[in-house]
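Visitor: I'm new to reading protein structures. Could you walk me through one and tell me how you decide what to call things?
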Amino acid sequence: QDIAEGSLLWDGSRSAQFKDDHSFTKFLVDLNDDYLACDVLLWSYLLDLNEGQGKPDLRIITDLDEGSFCNDDPSANMGYLPVS
């Protein structure tokens, strides 16, 4: 189906944020399921919440909804709007 330009496709409200590798690793271990932990690794990515403005505020983000089906591509045809 065609999607009108400017339509909100995903808002990130069901994404987990981890401030450090220790908390992310604890989350993976607490899943107690190696197969699910592998999936979570595929659904996760690093994001600078400051978007290059000043000191980086890096987070590990894990999409826990349909956002996990989006891939990173240099020629992406969609962007995101930060949740306010």
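Visitor: What makes Asp-30 and Lys-26 a salt bridge?
Guide: This is a predicted model, so everything here is computed from it. The closest N and O atoms of Asp-30 and Lys-26 are 2.7 Å apart. The cut-off for a Lys or Arg nitrogen and an Asp or Glu oxygen is 4 Å, so the pair qualifies. Both residues lie in helix α1, four residues apart, which is about one turn of the helix.

Visitor: Why is Lys-26 called partly exposed?
Guide: Its relative accessible area is 48%. Buried needs under 20% and exposed needs over 50%, so a value in between counts as partly exposed.

Visitor: What else is there to see around α1?
Guide: At the start of the helix, which covers residues 21-31, a side-chain oxygen of Asp-20 comes within 3.1 Å of the backbone nitrogen of His-22. After α1 comes Asn-32, with a positive phi near 55°.

Visitor: How many salt bridges does the structure hold?
Guide: Three. One of them joins Asp-65 to Arg-14.

Visitor: How do you know that Asp-65 and Arg-14 belong on that list?
Guide: Their closest N and O atoms are 3.7 Å apart. The limit is 4 Å, therefore the pair counts. Here the two partners come from distant parts of the chain, 51 residues apart: Asp-65 sits in the segment after β3 (58-63), and Arg-14 in the segment before β1 (15-18).

Visitor: Why does Asp-65 count as buried?
Guide: Asp-65 has a relative accessibility of 11%.

Visitor: What about Arg-59 and Asp-57: what makes their contact a salt bridge?
Guide: Their side chains meet at 3.3 Å, N to O, and within 4 Å is what the name asks for.

Visitor: Are those two residues buried or partly exposed?
Guide: One of each! Arg-59 is at 13%, so it is buried, while Asp-57 is at 26% and so counts as partly exposed.

Visitor: Zooming out, how much of the protein chain counts as buried?
Guide: 20% of its 84 residues. The chain exposes about 7000 Å², and carbon and sulfur atoms supply 53% of that.

Visitor: And which elements does the chain have, in what order?
Guide: There are two helices and three strands, running β-α-α-β-β from the N terminus on. Of the contacts between residues at least 6 apart in sequence, 49% join residues at least 24 apart.

Terms used
Residues are numbered from 1 along each chain as its sequence is written. This is a predicted model: local features need pLDDT of at least 70, side-chain atom pairs count only at pLDDT 80 or more; totals for chains, interfaces and linings use all residues. Side-chain values use heavy atoms; hydrogens and water are left out. A polar contact is a pair of N or O atoms within 3.5 Å; within protein, one must be able to donate a hydrogen and the other to accept it, and residues adjacent in sequence count only if both atoms are side-chain atoms. Buried means under 20% relative accessible area, exposed over 50%, partly exposed in between (1.4 Å probe, protein chains only). Contact means heavy atoms within 4.5 Å. Accessible areas come from the Shrake-Rupley method with a 1.4 Å probe; for residues, only the protein chains shown count as cover.
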